[in-house]
Amino acid sequence: RIMSDEEELFLFRDSLSNPSANFEEYGEEEDKSSIGAKRKRCQYLFSVFVLLLGLFGAPAILFRGREQDGMLLEEYWWNQDDKPARAKIRPDKPQVKHYSITAASAYERSGSIGADLYDGVFVPVNTPITLTVNDASEWEWEGDAMFENTKGSVVKATFVEIGNNFEIRATSRKNKNEKASLQVKTRVVRRELRTLTHEDRENYLSALHLLYATSQQEGLKTFGPNYKSADYLIREHLNGASAKECDHYHDDAGMMNHHIGITWQLENSLRLIDASTAAHYWDYSLDAALYPTTAWATQTSIFKKEWFGDASPSDKIVTNGRWGYTKIASARGEGYSNAYGLLRSPWNTNKIPFLMRHNRTLGVLTDAYATPPSCDEFARWFNSASSLAEFNFALNGALHGPIHIMIGGLWSFGSRWLPVAKKIRLS
């Protein structure tokens with residue numbers, strides 16, 4: 001290319017300031033002592049050459065340079081009027097052509113709420129990711145992931161650590177100067193149970209069931225010091241919620257803060273059992289939308305045998321599926337318990353030591369609620385609450401409490417409660 005006068009002048013004067021480093025004779029490769037001697041001769045001849053130039057002048061003089069940063073600065077002409085006239089540079093090394101890589105998973109979706117709030121490419125950790133180069137030729141892959149295969153324009157890989165600076169690289173097998181790369185961030189992602197793939201839902205339910213089946217002592221030995229069993233977490237919740245001075249887990253800001261914390265503990269324990277899972281959840285407002293009557297209680301897939309078992313078994317004990325006859329731990333002498341020493345609330349007088357459900361309260365189906373709290377109710381409280389304290393109050397009461405009663409139920413009550421039951425039915 002033709003350089004500007006300023007560029008040529010800089011390059012030339014830089015060469016003059018260090019001729020032994022920038023100018024050398026061309027020839028076959030030789031040993032270091034020979035090269036050093038040549039450089040000294042070159043420097044001596046160069047000094048004489050400049051002296052003669054000053055004495056006699058010349059219309060133009062040609063210099064040769066050496067390769068620098070992958071590029072040979074080849075020829076320079078210097079005019080008598082002390083201005084650089086022209087410089088030629090040997091062409092650069094072949095330029096690298098860059099392609100883009102896209103990442104997708106089984107949960108890929110576009111236009112989701114809040115998508116524009118995130119800076120960068122986020123992928124779920126321990127989840128197979130499909131990586132694609134926007135070119136159909138053959139590519140060789142490498143980077144901070146575990147690859148199922150490393151050849152082709154489309155490969156599958158899994159990121160096994162959580163973080164912000166992971167890189168994937170691909171190089172064309174036909175042309176090494178064609179490359180592609182992608183920077184990604186990884187996160188643990190919680191999803192609504194019904195949006196999970198069958199495999200991911202089974203992994204979650206299996207890990208959760210093992211959490212219930214593995215004691216705290218056994219779990220510490222098997223899964224390490226951060227393990228928290230289901231009994232440990234239930235006891236933690238019960239001790240906070242049953243304290244006589246205050247319900248620390250539900251009153252005021254307790255609902256948000258403590259439940260976020262205990263859910264995080266649950267998730268960490270689940271991931272000690274199976275690193276591919278997370279604290280996935282049941283969004284019951286979805287049932288309110290899908291089943292606008294009490295039909296949700298029998299039609300929702302949440303209470304299928306393969307998931308959590310019957311919502312309202314005939315004898316109230318969950319007997320089918322993986323949760324059949326789940327035992328309630330003894331808590332006598334270990335803090336709060338019910339009157340029978342079981343790990344239940346002090347006001348829960350149930351003495352049967354198994355997981356139980358019933359969809360009637362004092363004989364009234366789903367406690368007279370037609371549906372679980374809906375998305376509209378969440379939005380109404382969120383938009384109308386005058387303070388965070390008021391919204392926290394709704395989180396525990398109107399938006400969370402009803403679902404406990406609707407699937408927990410209340411039965412075997414004395415005859416003196418019949419008038420109350422009648423009033424509930426009328427209401």
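Biologist: How many disulfides does the count come to?
Modeller: A disulfide is a covalent bond between the sulfur atoms of two cysteines. The rule used here asks for a pair of cysteine sulfur atoms within 2.5 Å. By this rule the number of disulfides is zero.

Biologist: What kind of model is this?
Modeller: Residues are numbered from 1 along each chain as its sequence is written, and side-chain values use heavy atoms, with hydrogens and water left out. Local features need pLDDT of at least 70, side-chain atom pairs count only at pLDDT 80 or more, and totals for chains, interfaces and linings use all residues; the model is predicted.

Biologist: Does Cys 375 count as buried or exposed?
Modeller: Buried means under 20% relative accessible area, exposed over 50%, and partly exposed in between (1.4 Å probe, protein chains only). Cys 246 has 28%, so it is partly exposed. Cys 375 has a relative accessibility of 53%, so it counts as exposed.

Biologist: What share of the 427 residues of the chain counts as buried?
Modeller: The chain has 13 helices and 14 strands; helices (H or I, at least four residues) and strands (E, at least two) are DSSP runs, numbered from the N terminus. Of its 427 residues, the share that counts as buried is 37%.

Biologist: What percentage of the chain's contacts with a separation of 6 or more comes from residues 24 or more positions apart?
Modeller: Contact means heavy atoms within 4.5 Å. Among contacts with a separation of 6 or more, residues 24 or more positions apart account for 58%.

Biologist: How many salt bridges does the count come to?
Modeller: Side chains of opposite charge can pair when their charged atoms come close. The rule for a salt bridge is a side-chain nitrogen of Lys or Arg within 4 Å of a carboxyl oxygen of Asp or Glu. By this rule the number of salt bridges is 10.

Biologist: Which residue forms a salt bridge with Lys 151?
Modeller: The closest N and O atoms of Lys 151 and its partner Glu 140 are 3.5 Å apart. The pair links distant parts of the chain, 11 residues apart: Lys 151 is in the loop between strand 9 (146–147) and strand 10 (154–158), and Glu 140 is in strand 8 (residues 139–143). Lys 151 is partly exposed at 41%, and Glu 140 is partly exposed at 29%. The partner of Lys 151 is Glu 140.

Biologist: Arg 191 is buried yet has no salt bridge; what is the nearest side chain of opposite charge?
Modeller: Arg 191 lies in the loop between strand 12 (178–187) and helix 4 (198–213). Not counting residues up to four places away in sequence, Arg 191 touches Tyr 107, Pro 124, Leu 196, His 280 and Tyr 281. Lys and Arg count as positive and Asp and Glu as negative, while His and the chain ends are not counted. The nearest side chain of opposite charge is 5.9 Å away and belongs to Asp 200.

Biologist: Is Glu 267 buried or exposed?
Modeller: Glu 267 lies in helix 7 (residues 254–273). Leaving aside neighbours within four places in sequence, Glu 267 is in contact with Val 188, Arg 190, Ala 278 and Ala 279. The relative accessibility of Glu 267 is 7%, so it counts as buried.

Biologist: What is the phi of Ala 368?
Modeller: Most residues other than glycine have a negative phi, and most peptide bonds are trans. Tyr 325, in the loop between helix 9 (296–299) and strand 13 (360–361), has a positive phi of about 55 degrees although it is not a glycine. Ala 368 is in the loop between strand 14 (364–365) and helix 10 (375–384). Ala 368 is not a glycine either, and its phi is positive, at about 70 degrees.
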